[in-house]
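Subject: Structure handover

Hi,

Here is the structure you asked about. Please open it alongside this email, and I will go through what turned up.

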Amino acid sequence: MTRTLPASLALGLALALAAVASAPVRAQDAYVVGVSAAMTGPQAGTYAPVIDALKAYLDHINGKGGINGKPVRLVIQDNQAEPSRAAADAKKLVSQDRVLILINTSLSSTYAPMVAESKRAGVPLYYAGAVCPNETFPTADPLQFCSTAFSANLDSQAAMQFIRSQAKEPVRVGFAAMAIPVARAGIEHAESVAKSLGMTVVDRQLTPPPTPDYTPFATKLKEANPNWVFSWSPWVSQIRTFEALRRLGWTGNYVTWAHNNAEDELARIRDPGLYVIGTNALFQDDVPMHAEIRAVTHRADLKYPATYVTEGFITGLVIEQVLKATPWPPTPQKALAAMNAVKVDLKGLRGGPLEWTPDNHFRTRQYYRVWRWDPARNAVVRVQDWTPLDVKR
Amino acid sequence: MQLAVNIVVLASIYALISCGYVLIYRVSRVLSLAHGELMMLGAYGLLATAGLFAGHPLVAIAVAAVLALVVGVLVYVFLMRRMTGEAVLAAVLATIALGILLRGAMVLVWTAQEQRPLAALGWTNGSVALGPDARISMAALTLVLVTAAAYLGLWLFLRHTVWGIRMRAAGQHPLLAAQRGIALHRVYALAWGLATFTGGLAGMLIAADSGLEQTMAVIGLKAFPAALVGGLDSLAGAILGSLIVAGAEVLLIHYVDPLLSEVVPFLVLLAFLIVRPWGLLGSKEELDRV
């Protein structure tokens, strides 16, 4: 007995040491990408589909032999949109998992701790499906990148130009947004663009998150008598304000951002006065990549419909392209060099390629389409085809 | 007129939610901070039964309502009963833990995707005119009527039924009630069941009006000031508190700034805590005991 106990102890220690020692070895056998995302919690509806789709896409790539003959390993941490969790995630992903790239898919309040860890370790930080911070626009921070479809200022500009092009009478525009910083910034920019385009701004309603009843806000907005309303916010706020307006008898046109569930919602609501503007093609557009998305979504048995996952697939295409240009053995510095010169063919999922340059980590050009429900055709139809906006300093 | 309708609808939402807080507090002196999550669970329950009983919406609603009641009883039996004899704070902390657990479980089961229970029932949410210049959605109108029916039903139950009288007795003096042969655990279980039932109805009706997603749990907390303003142990106070908070909120949205709607319930609450901490119709000695 006295002999067996130290022997088993020694065996246990040896196994533990072997496990610890093998971890970095395993990591070096694959391209390792780390994610800190709001996979659960109140904000998960916006962010979790992006990461679920990214994982499905990378599993699909791994099934075809990986990238440069190596598999891609995705380490996913759930930050529940809490900054403290994001900080712990970033530390763990960098020091323990030795990731090449950090991905953030969460609220902007989680950015600061991840930026700090990214800077400390020199690991690039990629925002996917989360708001692109100013640091990704020209002149970009050397370590921060973004592929997310939306951008408050550009979207507002595109939406106002769309309204201007469609309106047959003088525009009295109202605005609705959730009372969160990024949405307020977008709406304030839209107001200034509207004024510069000769529109009359009649009202602006900011709704707190969450709101049990949107009718009081819609009542005020309706009384201002707008013939167009623009809303740029999380989908819940956008669509509930619209539905409340309609129930109050408002008959004007409503332009809003095409979040990942927009296509399904247009079909549910079936209102020809509801327009969605976006930069990701809807499945109605039926590009070849949509068939692949449907197939991968089905094979991976994702919890979300295929129409929800385009943003995640775009992230997958970007990661695939970046890692292809990251020679083996990979390091964060090599990945960073690849990211600074990447040009990703998005295969029709957007109006053009996604291109990052050393001083522009957003994209050099943003393309917008607009859709609505057409009662005559009983289908979602395209109202405006890809319209480019250059992304300038 | 539309403003009055808006106030009544918002007050009904707050009143239907806050009667759950009052029922539990009045009987057991426990503040249930899982009420928002239990309310959300009621709404998800409707979504589930709508799928199970496709084509039979009334059956789906009835089963979901019964499920909500059963869930409340089970919460008491399996969790809150174990807190008997512990400090009130421990029981409150247990409800917080329950809320976190429920939130996580609901994401796992139903995902974080926005759901539409009304569409799952095969119904749409139209609106009706109330006079020349006011409209109300069908779901909101139903919510107002259900709130009125719930309060009337609870009043009748507490006044005129044996179990209702037992519940009041247990709330007023639990030791004396127990000595008189009232089974306190059954009374508490019933209170939890009724609170979750009314909370579940609120969740179902809010989800029917505007959809269901993860932030609904927070709406449960937004009704809390209404319950406190009215008095945590008074159902009539909950109605009054809801009207005051909803009135202040709607009028400030309309005449001052919509952003104030977020803070005004808590401003009203603070004002009452300073001036009359036991609420409008609450019992002063009850709060002294807390």
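Two strands count as paired if DSSP finds at least two bridges between them. Keep that in mind for the sheets below. One caution: this is a predicted model.

Start with strands S6 (residues 172–178) and S7 (residues 200–207) of chain A. They run parallel and are joined by seven bridges. Take two places along that pairing. A:Arg172 has A:Thr200 of S7(A) as its bridge partner. A:Ala177 stands opposite A:Leu206 in S7(A).

These two strands belong to an open sheet of seven strands in chain A. The order is S7-S6-S8-S9-S10-S13-S14, with mixed pairing. S7 and S14 (379–390) of chain A stand at the edges. Each has a single partner strand, so one side of each lacks a neighbour in the sheet. From one strand to the next, the twist averages 20°.

Two helices of chain A lie against this sheet. Helix H8 (residues 235–247) of chain A lies across S6, S7, S8 (228–231), S9 (253–257) and S10 (274–278) of chain A. H8(A) runs at about 170° to S9(A). Helix H9 (residues 262–269) of chain A packs on the sheet too, touching S10, S13 (365–374) and S14 of chain A. The direction of H9(A) makes about 170° with that of S10(A).

**Helix H6**

The length of H6(A) checks out. Its 16 residues, at 1.5 Å a residue, should span 22 Å, and the end C-alpha atoms are 23 Å apart, which agrees.

Which residues of H6(A) are buried? They are A:Val182, A:Ala183, A:Gly186, A:Ile187, A:Ala190, A:Val193 and A:Ala194. Seen down the helix axis, these buried residues fall within an arc of 130°, so they line one face of H6(A). An α-helix has 3.6 residues a turn, so residues three or four places apart point the same way. The cover over the buried residues of H6(A) includes helix H5 (152–166), S6, S7 and S8 of chain A. On the other side of H6(A), A:Pro181 and A:Ser196 are exposed. Just after the helix, A:Gly198 takes a positive phi of about 85°.

A:Pro208 is in the loop between S7 and helix H7 (215–223) of chain A. Leaving aside neighbours within four places in sequence, A:Pro208 is in contact with A:Ala179, B:Ser261 and B:Glu262.

That brings in the other chain. In total, 30 residues of chain A are in contact with 31 residues of chain B. On the chain A side, helix H2 (44–63), S7, H7 and H8 each supply at least two residues. H7(A) gives the largest share, five residues.

**The five-stranded sheet**

Chain A also has an open sheet of five strands, in the order S2-S1-S3-S4-S5, with parallel pairing. Its edge strands are S2 (72–78) and S5 (144–146) of chain A, and each pairs on one side only. Neighbouring strands here are turned by 25° against each other on average, direction ignored.

Within this sheet, three bridges join S3 (residues 101–105) to S4 (residues 125–127) of chain A. A:Ile103 has A:Tyr126 of S4(A) as its bridge partner.

H2(A) packs on the sheet, touching S1 (31–37), S2 and S3 of chain A, and its direction makes about 160° with that of S2(A). Helix H3 (residues 83–95) of chain A also touches S1, S2 and S3 of chain A, at about 170° to S1(A).

Look at A:Ala86, which is in H3(A). A:Ala86 counts as buried, with 26 C-beta neighbours inside 10 Å. Not counting residues up to four places away in sequence, A:Ala86 touches A:Ser36, A:Asn79, A:Ser106, A:Thr110, A:Pro113 and A:Met114. A:Ser36 is 50 residues away along the chain, and the two C-alpha atoms are separated by 6.2 Å.

Best wishes

Notes
Residues are numbered from 1 along each chain as its sequence is written. Chains are lettered from A and ligands numbered from 1 in the order in which they are written. This is a predicted model: local features need pLDDT of at least 70, side-chain atom pairs count only at pLDDT 80 or more; totals for chains, interfaces and linings use all residues. Helices (H or I, at least four residues) and strands (E, at least two) are DSSP runs, numbered from the N terminus. Axes are lines fitted to C-alpha atoms, for helices over the stretch in contact, and angles run from 0 to 180 degrees between N-to-C directions. Two residues are in contact if their C-beta atoms, placed from the backbone, lie within 7 Å. The expected span of a helix is 1.5 Å times one less than its number of residues. A residue is buried if 20 or more other C-beta atoms lie within 10 Å of its own, exposed if 12 or fewer, and partly exposed in between; C-beta atoms are placed from the backbone. The arc is that of the directions from the helix axis to the C-beta atoms.
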